[in-house]
Amino acid sequence: MRQIAGYLLFGWRYRLRVSGIENLPKHGPVLLLGNHISYIDFALIQWATPRTIRFVVHDDYYSKPIFNWILRAVGAVSIKPENSRNAMQNIVNLLNDDCVVGIFPEGHVSTSGELSDLKRGFEKVLSQSKEGVIVVPFAVNNMWGGFFSKAPRSVKRRMRFSLRREVNVRIGKGLNSNATKEEVKRCIGSLLD
(Lines give C-alpha, C1' and ligand atoms only; values in the text may rest on other atoms or scores of the structure.)
Protein backbone atom coordinates (compact mmCIF):
# COMPACT_ATOMS: atom_id res chain seq x y z
CA MET A 1 0.00 0.00 0.00
CA ARG A 2 2.85 2.45 0.89
CA GLN A 3 4.54 1.70 -2.43
CA ILE A 4 1.30 2.50 -4.27
CA ALA A 5 0.83 5.72 -2.30
CA GLY A 6 4.45 6.68 -2.99
CA TYR A 7 4.03 6.01 -6.67
CA LEU A 8 0.82 8.03 -6.86
CA LEU A 9 2.40 10.99 -5.05
CA PHE A 10 5.84 10.97 -6.64
CA GLY A 11 5.91 8.44 -9.48
CA TRP A 12 4.95 10.99 -12.11
CA ARG A 13 8.04 13.07 -11.21
CA TYR A 14 10.63 10.59 -9.89
CA ARG A 15 11.84 7.22 -11.11
CA LEU A 16 12.94 5.41 -7.97
CA ARG A 17 15.83 2.94 -8.13
CA VAL A 18 16.47 0.93 -4.98
CA SER A 19 19.50 -1.21 -4.20
CA GLY A 20 20.33 -3.17 -1.06
CA ILE A 21 16.73 -3.74 0.04
CA GLU A 22 17.81 -7.20 1.21
CA ASN A 23 19.86 -5.42 3.92
CA LEU A 24 16.69 -4.25 5.67
CA PRO A 25 15.61 -6.94 8.15
CA LYS A 26 12.07 -8.19 7.60
CA HIS A 27 11.39 -8.31 11.35
CA GLY A 28 12.74 -6.84 14.56
CA PRO A 29 13.97 -3.41 15.64
CA VAL A 30 15.80 -1.32 13.05
CA LEU A 31 17.30 2.15 13.29
CA LEU A 32 17.57 3.59 9.76
CA LEU A 33 20.16 6.36 9.51
CA GLY A 34 20.79 8.33 6.33
CA ASN A 35 21.67 11.56 4.60
CA HIS A 36 19.18 14.44 4.47
CA ILE A 37 19.43 16.00 1.03
CA SER A 38 15.81 17.13 0.51
CA TYR A 39 12.57 17.82 2.32
CA ILE A 40 10.99 14.64 0.91
CA ASP A 41 13.72 12.12 1.82
CA PHE A 42 11.39 10.52 4.37
CA ALA A 43 8.78 9.88 1.67
CA LEU A 44 11.34 8.49 -0.79
CA ILE A 45 12.86 6.02 1.68
CA GLN A 46 9.39 4.93 2.82
CA TRP A 47 8.38 4.43 -0.82
CA ALA A 48 11.52 2.32 -1.30
CA THR A 49 10.96 -0.04 1.64
CA PRO A 50 8.24 -2.56 2.52
CA ARG A 51 8.25 -1.94 6.30
CA THR A 52 6.57 1.03 7.93
CA ILE A 53 9.14 3.57 9.09
CA ARG A 54 8.48 5.87 12.05
CA PHE A 55 10.51 9.00 11.25
CA VAL A 56 11.89 11.46 13.76
CA VAL A 57 11.00 14.96 12.57
CA HIS A 58 12.11 18.36 13.87
CA ASP A 59 9.20 20.11 15.58
CA ASP A 60 9.53 23.12 13.23
CA TYR A 61 8.23 20.91 10.40
CA TYR A 62 5.89 18.83 12.53
CA SER A 63 4.01 21.92 13.72
CA LYS A 64 3.46 23.39 10.22
CA PRO A 65 -0.16 22.78 9.16
CA ILE A 66 0.85 21.73 5.64
CA PHE A 67 3.03 18.89 7.00
CA ASN A 68 1.36 18.10 10.32
CA TRP A 69 -1.49 15.95 9.02
CA ILE A 70 0.86 13.93 6.81
CA LEU A 71 3.45 13.44 9.54
CA ARG A 72 0.84 12.43 12.12
CA ALA A 73 -0.74 10.02 9.62
CA VAL A 74 2.60 8.25 9.09
CA GLY A 75 3.33 8.12 12.84
CA ALA A 76 6.27 10.51 12.83
CA VAL A 77 7.89 11.39 16.16
CA SER A 78 8.27 15.12 16.79
CA ILE A 79 11.50 16.27 18.41
CA LYS A 80 12.55 19.63 19.84
CA PRO A 81 16.35 19.70 20.17
CA GLU A 82 16.18 21.87 23.29
CA ASN A 83 13.78 19.42 24.99
CA SER A 84 14.39 16.03 23.42
CA ARG A 85 13.99 13.73 26.45
CA ASN A 86 10.35 12.72 25.69
CA ALA A 87 11.09 12.17 22.02
CA MET A 88 14.15 10.05 22.88
CA GLN A 89 12.02 7.88 25.17
CA ASN A 90 9.38 7.52 22.41
CA ILE A 91 12.08 6.38 19.99
CA VAL A 92 13.45 3.86 22.51
CA ASN A 93 9.90 2.55 23.09
CA LEU A 94 9.35 2.12 19.34
CA LEU A 95 12.60 0.18 18.95
CA ASN A 96 11.73 -1.94 21.97
CA ASP A 97 8.43 -2.73 20.20
CA ASP A 98 10.37 -3.99 17.13
CA CYS A 99 9.57 -0.97 14.93
CA VAL A 100 11.68 0.62 12.21
CA VAL A 101 12.68 4.15 13.21
CA GLY A 102 14.21 6.56 10.70
CA ILE A 103 16.53 9.37 11.76
CA PHE A 104 18.47 11.88 9.68
CA PRO A 105 21.43 12.22 12.06
CA GLU A 106 22.79 15.35 10.39
CA GLY A 107 19.91 17.14 12.11
CA HIS A 108 19.03 19.32 9.13
CA VAL A 109 18.45 19.31 5.38
CA SER A 110 21.79 19.80 3.60
CA THR A 111 22.63 23.30 2.40
CA SER A 112 25.77 22.19 0.54
CA GLY A 113 24.85 18.86 -1.06
CA GLU A 114 27.51 17.19 1.10
CA LEU A 115 27.11 14.89 4.09
CA SER A 116 27.57 16.91 7.30
CA ASP A 117 28.84 15.69 10.66
CA LEU A 118 26.35 13.51 12.47
CA LYS A 119 24.76 14.34 15.83
CA ARG A 120 25.20 11.88 18.71
CA GLY A 121 21.52 11.51 19.64
CA PHE A 122 21.15 8.15 17.91
CA GLU A 123 24.01 6.72 20.00
CA LYS A 124 22.11 7.63 23.16
CA VAL A 125 18.93 6.02 21.79
CA LEU A 126 20.85 2.83 21.02
CA SER A 127 22.42 2.72 24.49
CA GLN A 128 18.95 2.85 26.06
CA SER A 129 17.25 0.38 23.69
CA LYS A 130 17.03 -3.37 24.00
CA GLU A 131 19.76 -5.54 22.54
CA GLY A 132 19.46 -6.62 18.96
CA VAL A 133 18.64 -3.29 17.33
CA ILE A 134 20.12 -3.33 13.83
CA VAL A 135 21.49 -0.02 12.54
CA VAL A 136 20.92 0.24 8.78
CA PRO A 137 22.61 3.09 6.87
CA PHE A 138 21.00 4.47 3.72
CA ALA A 139 21.57 7.23 1.17
CA VAL A 140 19.21 9.15 -1.08
CA ASN A 141 21.06 10.17 -4.25
CA ASN A 142 20.31 12.66 -7.05
CA MET A 143 17.99 15.01 -5.15
CA TRP A 144 20.52 17.86 -4.75
CA GLY A 145 19.54 20.80 -6.93
CA GLY A 146 15.94 19.66 -7.19
CA PHE A 147 12.87 21.63 -6.12
CA PHE A 148 12.75 20.02 -2.67
CA SER A 149 16.44 20.58 -1.87
CA LYS A 150 18.00 23.60 -0.19
CA ALA A 151 20.36 24.14 -3.11
CA PRO A 152 20.90 27.81 -4.01
CA ARG A 153 18.98 29.10 -7.03
CA SER A 154 22.20 29.27 -9.02
CA VAL A 155 22.63 25.50 -8.59
CA LYS A 156 18.97 24.78 -9.35
CA ARG A 157 19.17 26.83 -12.57
CA ARG A 158 22.20 24.83 -13.75
CA MET A 159 20.48 21.49 -13.21
CA ARG A 160 19.21 19.87 -16.37
CA PHE A 161 15.44 19.52 -16.14
CA SER A 162 14.00 16.10 -16.78
CA LEU A 163 10.36 15.19 -16.48
CA ARG A 164 11.14 12.01 -14.53
CA ARG A 165 14.24 12.50 -12.42
CA GLU A 166 15.96 9.27 -11.43
CA VAL A 167 16.47 8.98 -7.68
CA ASN A 168 18.65 6.24 -6.25
CA VAL A 169 18.07 4.92 -2.74
CA ARG A 170 20.88 2.71 -1.50
CA ILE A 171 20.50 0.65 1.66
CA GLY A 172 23.70 -0.54 3.29
CA LYS A 173 24.56 -3.60 5.33
CA GLY A 174 23.37 -3.58 8.93
CA LEU A 175 25.61 -2.58 11.81
CA ASN A 176 25.28 -3.66 15.42
CA SER A 177 23.81 -1.45 18.12
CA ASN A 178 27.15 -0.10 19.35
CA ALA A 179 27.84 1.64 16.01
CA THR A 180 29.49 5.05 16.47
CA LYS A 181 28.68 8.23 14.60
CA GLU A 182 32.02 8.02 12.77
CA GLU A 183 31.29 4.46 11.62
CA VAL A 184 27.76 5.37 10.52
CA LYS A 185 28.98 8.47 8.65
CA ARG A 186 31.57 6.36 6.83
CA CYS A 187 28.87 3.83 5.84
CA ILE A 188 26.43 6.51 4.65
CA GLY A 189 29.24 8.20 2.72
CA SER A 190 30.08 4.95 0.94
CA LEU A 191 26.47 4.79 -0.36
CA LEU A 192 26.54 8.28 -1.90
CA ASP A 193 27.11 8.79 -5.62
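This is a predicted model: local features need pLDDT of at least 70, side-chain atom pairs count only at pLDDT 80 or more; totals for chains, interfaces and linings use all residues.
Residues are numbered from 1 along each chain as its sequence is written. Local features need pLDDT of at least 70, side-chain atom pairs count only at pLDDT 80 or more, totals for chains, interfaces and linings use all residues, and side-chain values use heavy atoms, without hydrogens and water.

**Exercise 1.** Decide whether Ser110 is buried or exposed, and find what its side chain reaches.

*Solution.* Start with the place: Ser110 is in the loop between strand 5 (100-103) and helix 6 (121-128). Helices (H or I, at least four residues) and strands (E, at least two) are DSSP runs, numbered from the N terminus. Next, the relative accessible area is 1%, so Ser110 is buried (under 20%; exposed is over 50%, partly exposed in between; 1.4 Å probe, protein chains only). Last, the Ser110 side chain reaches the backbone oxygen of Glu114 at 3.3 Å.

**Exercise 2.** Classify the ring pair Phe55 and Phe104.

*Solution.* The ring centres are 5.8 Å apart and the planes meet at 10°, so the pair is stacked. Rings of Phe, Tyr and Trp (its six-membered ring) pair if their centres lie within 6.5 Å; planes under 30 degrees apart are stacked, over 60 edge-to-face, the rest tilted. Phe55 belongs to strand 3 (residues 53-58), 49 residues from Phe104. Phe55 is buried at 4%, and Phe104 is buried at 10%.

Terms used
A polar contact is a pair of N or O atoms within 3.5 Å; within protein, one must be able to donate a hydrogen and the other to accept it, and residues adjacent in sequence count only if both atoms are side-chain atoms.
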